[in-house]
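Q: Please take a close look at one residue in the core of this model and at what surrounds it. Then go on to the salt bridges, the sheet and the helices, and explain each term as you use it.

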Amino acid sequence: MSFDPQQFLKNAPTKPGVYRMYNADAKILYVGKAKNLKKRLQSYFRENLDSGKTQLLMSKVTDVQVTVTHSENEALILENNLIKELRPRYNILMRDDKSYPFIVLSKHPQFPRIYSYRGVRRKDQNYFGPYPNGLAVKESLELMQKLFQIRSCTESVFNNRSRPCLQHQIKRCSAPCVGLASPEDYQQDIARAELFLRGKSKELVKQLEIKMQQAAAALNFEVAANLRDQISKLNVIQEQQHVMQDSGNFDVVVIGLQLEQVGLTVLNVQDGKLMGNKNHFFKLNKDSLANILSAFLSQYYLSADSVPKQIFTDLEPTDVNWLSSALTEFSEHKVELSVPQRGERKQWIALAQSNLQQALSTHVQETLTQLQRWQALTSALGLATPPERVECFDISHSQGEATVASCVVFNKNGADKKSYRRFNIKDITPGDDYAALHQAITRRYHRIAKEGTTWPDLVIIDGGKGQLQQAIMVFKDLNIDTVTLISISKGPGRNANYDVIWRPGLQVPLTLTDNTVAMHQIQQIRDEAHRFAITGHKAQRGKLRTTSILEQIEGVGAKRRRELLKRFGGLQGLQKASVEEIVQCEGISEGLAVKIYHHLH
């Protein structure tokens, strides 16, 4: 399958994530991260690349795959993991083969030290991370020193102290170097710090609450007060932080359908961190998605080197109990299959679905050519020949304000954006969509008739029978009967997941399944017209709200506007004035006063 960069970029997500570039032999060339995947990838597929190494890289790229992440920080960590695992050639040549910082608890027999670290990990230390950047490590270390008062000094400093340091004075170290903290108490603080670093703050709070109650019962109020302060700080942290606390190892599998193509995405999560994803695609057969998911899970995991203890899905597969039992027997440990309904695991499901949606859209675009779409559209509408040119209209306004109509143009090669047009609608009753559409279609095709430019073969109207009737009236006035007219509207009850098509003379609308190629093509054109109309409406509305209404009146320049506002004390005073009062203003004739009055009213 050939890789089409332009088609790929059309469907690229604008979310944070990681991208992987492959050559013709499906070997990994480069792994990168981005705050906005679409913008970052667009910088590669352009004519003038700044770097010679980048030019060499792009000359070999035949495929690009992306993984969407929850956040920019997660993208940083995933990129690091993939580079270390895959060792892409061009990451070594270029700039992204860097190490990320960890927090380390040393294995001192009595008084372990806490500090930040970058580099190769050794077995004689306890590592927590990686963290996305040095600032995150610094903030975490400062917080832990306030909470648990663990030392951060080097071994040479620790072994040669004769009196407490400044860290002890500001209550960030319990000064075990001079015997102010016993080994037992210090080890308790270390155990609490490990719980915190592993994301088990709730469990830590429960332990501290028990200790506080015991200390208070023993009348050791100073210890109880210190524990109370720790609990208070931890509770604040839990409220402020939004992180994935689920630190287990599990897979997330989601399934989706688009244009008779079934897609599945598998996310691998280890220690609460996204380690990567895999996408799988199949042509839809007569089976239900639940059956397909069940078959996929059995084939995928019964041939895998290892099976996670937990597999979360967005749809319950058929024979879920049998499948769980079979995977348990195969892996020799219990395997749980479930559909999360809430909490962080539900968020993982949402992330997997986001990745699947992007991957499935790209796959469908690559496997389905524009010519196939055009042929399907021709067949579904019963046209004699495929349309050479399709135009689609939509109307956008806010309760009648700043009404804008859009006209988008498509041909066999896709969208022809140079031919797009917008129409600022005037002199109609605010909110009258029929009148707005009639004006836009009239202006569009009267000009084509006058200039003798290309007529469309098919015109699509976003709306129902009433909107379609406006187009019929315009083409009847022009005596044009060679253009096919249709409209697309929501189904009964304005069901957002159900569209119908109206054609002239039909009493019952034409219904096409949403997953057919033809309906998808019509919806794509309609959605583009909708987007183009909304963009124009927002710009027009913003312009109206940031300029004076007087600027819209011909003959009222800056000097006259200034005199009018000065005489009447502002726009509200001018709106209350009569024609006779407006005439009294310097430079305003009776005719202009009438024009101003009518415009304001």
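A: Met 21 touches Lys 27, Ile 28, Leu 29, Tyr 30, Leu 41, Tyr 44, Leu 57, Met 58, Val 61, Asp 63 and Val 64, leaving aside residues up to four places away in sequence. Contact here means heavy atoms within 4.5 Å. The model is predicted, so local features need pLDDT of at least 70 and side-chain atom pairs count only at pLDDT 80 or more, while totals for chains, interfaces and linings use all residues. Residues are numbered from 1 along each chain as its sequence is written, and side-chain values use heavy atoms, with hydrogens and water left out.

The largest nonpolar core has 40 residues, and Met 21 is among those that touch the most other members, together with Tyr 19, Leu 41, Tyr 44, Leu 57 and Val 64. A nonpolar core is a set of buried Ala, Val, Leu, Ile, Met, Phe, Trp, Tyr and Cys residues joined through side-chain atoms within 4.5 Å. Buried means under 20% relative accessible area, exposed means over 50%, and partly exposed lies in between (1.4 Å probe, protein chains only). In soluble globular proteins, nonpolar side chains tend to be buried together.

Charged side chains come next. The structure holds 8 salt bridges, each a side-chain nitrogen of Lys or Arg within 4 Å of a carboxyl oxygen of Asp or Glu. One of them joins Glu 79 to Lys 33, with the closest N and O atoms 3.4 Å apart. This pair links distant parts of the chain, 46 residues apart: Glu 79 is in helix H4 (residues 72-86) and Lys 33 in strand E2 (residues 28-34). Helices (H or I, at least four residues) and strands (E, at least two) are DSSP runs, numbered from the N terminus. Glu 79 is buried, with a relative accessible area of 0%, whereas Lys 33 is partly exposed at 21%.

Another salt bridge, 2.8 Å from N to O, is between Arg 444 and Glu 391. Arg 444 lies in helix H16 (residues 433-451) and Glu 391 in strand E12 (residues 390-398), 53 residues apart. Glu 451 is partly exposed at 47% relative accessibility, and Arg 447 is exposed at 55%.

Now the sheet. Five strands form an open sheet of mixed pairing, in the order E9-E8-E7-E10-E11; two strands pair if DSSP finds at least two bridges between them. Strands E9 (273-283) and E11 (336-338) stand at the edges with a single partner strand each, so one side of each has no neighbour in the sheet. Strand E7 (residues 250-258) pairs with strand E10 (residues 310-313) in the parallel sense over 3 bridges, and Val 253 has Thr 313 in E10 as its bridge partner.

Helix H9 (residues 183-197) has 15 residues and spans 21 Å from its first C-alpha to its last, close to the 21 Å expected. The expected span is 1.5 Å times one less than the number of residues. Its buried residues include Tyr 186, Ile 190 and Phe 196.
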